[in-house]
Amino acid sequence: MLRHTIGRFCYNVTNPKVMVDLCVVPMKETGGTSVSKEVAAVEKIIRSSGLKTQLHAYGTNIEGPWDEVFQLVKECHLELHNRHGVARITSSMRFGTRLDKESTIEGKMQSLEDKLA
C-alpha cells in the first residue's frame with residue numbers, strides 16, 4: 001500500500017477520496033433535442049450508488065473513493081449505450097483529490113455561503 005505523509009498525517013493514496021463534477025451528454029440521432037429522459041436514467045444510477053451526490057443544472061457532483069466513483073462513471077455510459085440505445089455520448093468531468101484535510105460537497109458549499117454572508 002502506498003502511503004503519503006503530510007505533516008503528521010499519513011494517508012492511503014491507492015484509492016483516495018475524490019470529488020467529481022460530472023456532465024454526461026447523450027448525442028441523439030433522432031427524436032428531437034431533449035435528452036432529459038436519458039439524463040434522468042443516468043441520475044437514477046448515480047443516486048442508487050450510495051455515494052454522496054448533488055444534482056445541479058448542468059451535471060452532478062459526486063464524492064467517494066476513486067475506484068467507486070470512476071466505476072460509476074463507466075456504469076452511466078454503459079446504461080445509455082446498452083439500455084437506451086445511445087450510440088454516442090460526450091462527457092466532461094472536473095475532479096480533485098485532497099489529502100491534507102477532509103473535503104466534502106457540503107463543506108465546500110458551506111464555506112462559500114459563509115463568505116457570501
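The sections below describe the basis of the model, then its aromatic pairs, then its salt bridges.

## Basis of the model

This is a predicted model, in which local features need pLDDT of at least 70 and side-chain atom pairs count only at pLDDT 80 or more, while totals for chains, interfaces and linings use all residues. Residues are numbered from 1 along each chain as its sequence is written, and side-chain values use heavy atoms, with hydrogens and water left out.

## Aromatic pairs

The structure contains 3 aromatic pairs. Rings of Phe, Tyr and Trp (its six-membered ring) count as a pair if their centres lie within 6.5 Å; planes under 30 degrees apart are stacked, those over 60 are edge-to-face, and the rest are tilted. One of the pairs joins Phe70 and Phe95 in an edge-to-face arrangement, with 5.3 Å from centre to centre and 85° between the planes. This pair links distant parts of the chain, 25 residues apart: Phe70 belongs to helix H2 (residues 66-83) and Phe95 to strand S6 (residues 88-97). Helices (H or I, at least four residues) and strands (E, at least two) are DSSP runs, numbered from the N terminus.

Phe70 is partly exposed, at 22% relative accessible area, and Phe95 is also partly exposed, at 45%. Buried means under 20% relative accessible area, exposed means over 50%, and partly exposed lies in between (1.4 Å probe, protein chains only). Together with Trp66, Phe70 and Phe95 form one aromatic cluster.

## Salt bridges

Side chains of opposite charge can pair when their charged atoms come close. A search of the whole structure finds 8 salt bridges, each defined as a side-chain nitrogen of Lys or Arg within 4 Å of a carboxyl oxygen of Asp or Glu. One of them connects Glu38 and Lys28, whose closest N and O atoms are 3.7 Å apart. Glu38 lies in helix H1 (residues 36-48), and Lys28 lies 10 residues away in the loop between strand S3 (17-27) and H1. Glu38 is buried, at 8%, whereas Lys28 is partly exposed, at 32%.

Another salt bridge joins Lys52 and Glu63, with 3.9 Å between the closest N and O atoms. Lys52 is in strand S4 (residues 52-56) and Glu63 is in strand S5 (residues 59-65), 11 residues apart. Lys52 is partly exposed, at 43% relative accessibility, while Glu63 is buried, at 4%. Both residues belong to a network of salt bridges that also links Lys17 and Glu102.
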